[in-house]
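The sequence and the structure come first, and the notes follow by topic.

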Amino acid sequence: MRVLVSGAAGSIGQVACAGLADRGHDIAGLDLVVRPASLAVDDWHVADCTDPAAVDAVMSDTAPDAVIHLAGIPTETSLPDSLHSHVVSTGALLEAMVGHGVSRIVYASSNHAVGRTPRTDLLGNDVRTRPDTCYGVAKVAAEALLSMYVDRHRIDAVACRIGSFLAEPETRRSLSTWLSHDDAVRMFDAALTCPDPGFAVIYGISANTRGWWDLGPGHAIGYHPEDDAEAWASRVEATPADEDDRAEAEHVGGPYATARFERPLFG
């Protein structure tokens, strides 16, 4: 499958590009920066995903079968910056997809779309969105935009609410929320190749023994994670936050749901 990956130079993007290429996909990269020397992607485009004309030109040049949208500011920022980075970029890609007959998008959403949800034994994808930050609000809005385009243009869209994407788990919380590099590739591959998902929301974590997120929606589209953070449990030392700030363990979003991430919307 020919796949355009936005944010291809990012931490998830580089893993996704390399891993999907190994699985036989033909990858085109899109980012604000030039191709990293370590990434073997020949078809590379430098453009701003929030610029509709630039995105349309890239879509025309690459002629993909599907898009994986990973681009966006990965940390908390102001509401205008968050919405511009995550929602406007999603809209630009969707418009270009429709204009060029591309019928599938896989979106890197986030656990912060439901970050203010109290911790439960099993978090389904049917709970109401409860963002913990402006970052989370932007992810919710981008998911809503995807849903509108699925209904309006009959495309397929899979929103992957990613947990802690790390080479290995680093904190007690990440023993529950970890998404391994290999499982991330498995997740994106499943989202690209599953038949007729319509609009689907899945949780992007590995098969963690301590996980509290429902993997059923992922299984339904063919995502079957194989890694488990428990393999690192004996090596993960408690951080000060684990010991002293128990509020971090009360909500799905962890530290993002605490007061130290609260800021003025327009600051």
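## Aromatic pairs

Rings of Phe, Tyr and Trp (its six-membered ring) are taken as a pair if their centres lie within 6.5 Å; planes under 30 degrees apart are called stacked, those over 60 edge-to-face, and the rest tilted. The model discussed here is predicted. Across the whole structure, a search finds five aromatic pairs. One of them joins Trp-178 and Trp-232: the ring centres are 4.9 Å apart and the planes stand at 65°, so this pair is edge-to-face. Trp-178 belongs to strand β8 (residues 178–179), while Trp-232 is in the loop between α7 (216–220) and α8 (240–244), so the pair ties together parts that are 54 residues apart in sequence. Trp-178 is buried, its relative accessible area being 1%.

Trp-212 and Trp-213 also pair, with ring centres 5.7 Å apart and planes at 85°, so they are edge-to-face. Trp-212 is buried at 2% relative accessibility, and Trp-213 is buried with a relative accessible area of 4%. Elsewhere, ring pairs link Tyr-135, Tyr-256 and Phe-261 into a cluster.

## Salt bridges

Side chains of opposite charge can pair when their charged atoms come close. The whole structure holds ten salt bridges. Among them is the one between Asp-156 and Arg-104, whose closest N and O atoms are 3.5 Å apart. Asp-156 is in strand β6 and Arg-104 in strand β5 (residues 104–110), so this bridge ties together parts that are 52 residues apart in sequence. Both residues, Asp-156 and Arg-104, are buried.

Arg-186 and Asp-183 form another salt bridge, with 2.6 Å between the closest N and O atoms. Both lie in helix α6, three residues apart, about one turn of the helix. Arg-186 and Asp-183 are each buried. Arg-210 bridges to Glu-230, the closest N and O atoms being 2.9 Å apart. This pair links distant parts of the chain, 20 residues apart: Arg-210 is in the loop between β9 and α7, and Glu-230 in the loop between α7 and α8. Arg-210 is partly exposed at 40% relative accessibility, as is Glu-230 with a relative accessible area of 29%.

## A buried lysine

Lys-139 lies in helix α4 (residues 134–153). Lys-139 is buried yet has no salt bridge, and the nearest side chain of opposite charge, that of Glu-143, is 8.4 Å away. Instead, the side chain of Lys-139 reaches the backbone oxygen of Ala-108 at 2.7 Å. Leaving aside residues up to four places away in sequence, Lys-139 touches His-86, Tyr-107, Ala-108, Ser-109, Ser-110 and Ala-113.

## Positive phi and an exposed helix residue

Most residues other than glycine have a negative phi. Arg-154, not a glycine, has a positive phi of about 60°. Arg-154 is in the loop between α4 and β6 (156–162) and is exposed, with a relative accessible area of 76%. Asp-196 also has a positive phi, near 50°. Asp-196 is in the loop between α6 (181–193) and β9 (199–204) and is exposed at 68% relative accessibility.

Asp-22 lies in helix α1 (residues 11–22) and is exposed, with a relative accessible area of 72%. Asp-22 and Val-185 are 163 residues apart in sequence, and their C-alpha atoms are 9.8 Å apart in space.

Terms used:
Residues numbered from 1 in each chain as written. Predicted model: local features only at pLDDT ≥ 70, side-chain atom pairs only at ≥ 80, totals over all residues. Heavy atoms only, no water. Helix = DSSP H or I, 4+ residues; strand = E, 2+ residues; numbered from the N terminus. Buried < 20%, exposed > 50% of the residue type's maximum accessible area, 1.4 Å probe, protein only. Lys, Arg positive; Asp, Glu negative; His and termini not counted. Salt bridge = Lys/Arg side-chain N within 4 Å of Asp/Glu carboxyl O. Polar contact = N/O pair within 3.5 Å; in protein donor to acceptor, adjacent residues only side chain to side chain. Contact = heavy atoms within 4.5 Å.
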